[in-house]
Amino acid sequence: MTYRRLAVLLAASLTPLALASPAAQAATPAKPYDFNGDGRTDLAIGAPAATVAGKAKAGAVSVVYGSASGLKSSTHTLITQNTSGIPGTAETDDAFGSSLASTDLDRDGYADLVVGAPGEDVNGDTNDGTIVIVWGAKSGLSGARTLVNHNDRDNDRYGKAVAAGDFTGDGMPEVATGSTGTFGLNFVSGPFTRTGAFNGGNGGSFSYLSRPYSESYGIEYLSTGDVTGRGFDGLVAHGREQGTDDAVTTLVDGSIGNFNDWLVTMPSGYVSSVGDIDGDGYADVAVGNHRETSADPAGAKGGRVTIRYGGPDGADTSRAPFTVTQDTVGVPGTSETGDAFGSGVSLADVNGDGYADLAIGAPGEDSGTGAVTLLYGSASGLKTTGGKTFTQNTAGVPGSSEKGDRFGARVLLTGANGLTIAAPGENSGDGAVWSLPGATTGAATSFGPSATGVSTAGSPNYGSVLAG
């Protein structure tokens, strides 16, 4: 673990812009992804490769609402840039839905959805990118506005990654955004309103680290959680090392002035999830690296996941990072070249014992049919025994395993909805999503893009982004 002060940050802090009037405050802000305020977690499904009105890869997002018996695709909202009330117009290669995040931005008791479209052309700037806030309400998601880009002259592909939460500990939400260019990580500060000016924000370059981030790749993935146990969110940022395509991962402490003053180096990977595996009050970080060592020195044969246990300074220095592969004693399966174990990771307590559990996707398993491994948390940390493996050939899981399905490319655990799995390659690239409720009363179900109004033209890869 290293701590690093970025001594050379050109314009790292942005001057706050026009201030918005405070939003109306709900007595209790909604939990993320509860868009209709019914107390149940809803599922957002991104299909950035979806065709919309004949425009290839314009992108779409489906939201499936939770119920007492789990997720039901019959109750859904389809959102594209051609949807009434959504800014912009669906255009070729916009990639709307490439990134998703949620929190109650306007504090009205309904969670809001943040959607990135990094391929959007803005004012003649190709692939400048845009981010849209879609507002929650009792009837579900409706109405939207475009999130300001405070640093549009110095970045492109705005919305390549998004995250939402309280990153400063001031009790107000912020939106963190990933992009390419000089300032790969930017923040927009709350409070947020449905009309009127946005507050200020800040941003920073990662070009001066001992392992500098590549500006051409930018910040590609963001995850959040209370790693330091101080009651607000840390931010895990993923990029690539300058001059290579090797992964670089950093924990950003947003409470220190300009968000970039102090960074904690994390295990290198391409995706992550944050949750308290051992129940000690500090959220832990699971980092997935699906690549072989020949492609990334931090990878492993068949891929791997590394756990960094949280502590007051962002990581528990008394505990070494814990690495899991399919060759780890007790873990189901065997590490094989191309398994892509760690392509998807998700932490949440699905069995109700107070410890976050870990789902790991291996979409390359068995010639790309794919598999998912579920491991359980405990007071001593992640257990590698007693885990479960799911494929489309598992009893109770709908469908059958076929080459190229990529079952497990994305995984999502929630206490309410159990285990959600995406297979973007299902049915020759149509994609599909499986819901395995587990502790809830519902049975396992699956559905594809047509069930939620997404076109199957041109291989939408439905489920290539999951959030909930």
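Strands β5 and β6 run antiparallel and are joined by 5 bridges. Strands are DSSP runs (E, at least two residues), numbered from the N terminus, and two of them pair if DSSP finds at least two bridges between them. The model is predicted: local features need pLDDT of at least 70, side-chain atom pairs count only at pLDDT 80 or more, and totals for chains, interfaces and linings use all residues. Residues are numbered from 1 along each chain as its sequence is written, and side-chain values use heavy atoms, with hydrogens and water left out.

Buried means under 20% relative accessible area, exposed over 50%, and partly exposed in between (1.4 Å probe, protein chains only). Ser99, Ala101 and Thr103 cover one side, with Leu100 and Ser102 on the other. Thr103 has Asp112 of β6 as its bridge partner.

The loop between β5 and β6 contains Arg107. Its phi is positive, about 55°, although Arg107 is not a glycine. Arg107 counts as buried because its relative accessibility is 10%. Arg157, in strand β9 (residues 155-165), also is not a glycine and has a positive phi of about 50°. Arg157 counts as partly exposed because its relative accessibility is 27%. Most residues other than glycine have a negative phi, and most peptide bonds are trans. A cis peptide bond joins Gly190 and Pro191, with omega about 5°. Pro191 lies in the loop between β11 (185-189) and β12 (201-204).

The largest nonpolar core has 20 residues, of which Val63, Ile79 and Leu113 touch the most other members. Two or more residues come from each of β3 (60-67), β6 (112-117), β7 (130-134) and β29 (465-467). Such a core is a set of buried Ala, Val, Leu, Ile, Met, Phe, Trp, Tyr and Cys residues joined through side-chain atoms within 4.5 Å. Leaving aside residues up to four places away in sequence, Ile79 touches Ala60, Val61, Val63, Ile86, Phe96, Leu113, Val134 and Leu141. Contact means heavy atoms within 4.5 Å.

Strand β27 (residues 432-436) pairs with β28 over 3 bridges. Within this pair, Trp434 stands opposite Ser446 of β28.

Conventions
Helices (H or I, at least four residues) and strands (E, at least two) are DSSP runs, numbered from the N terminus.
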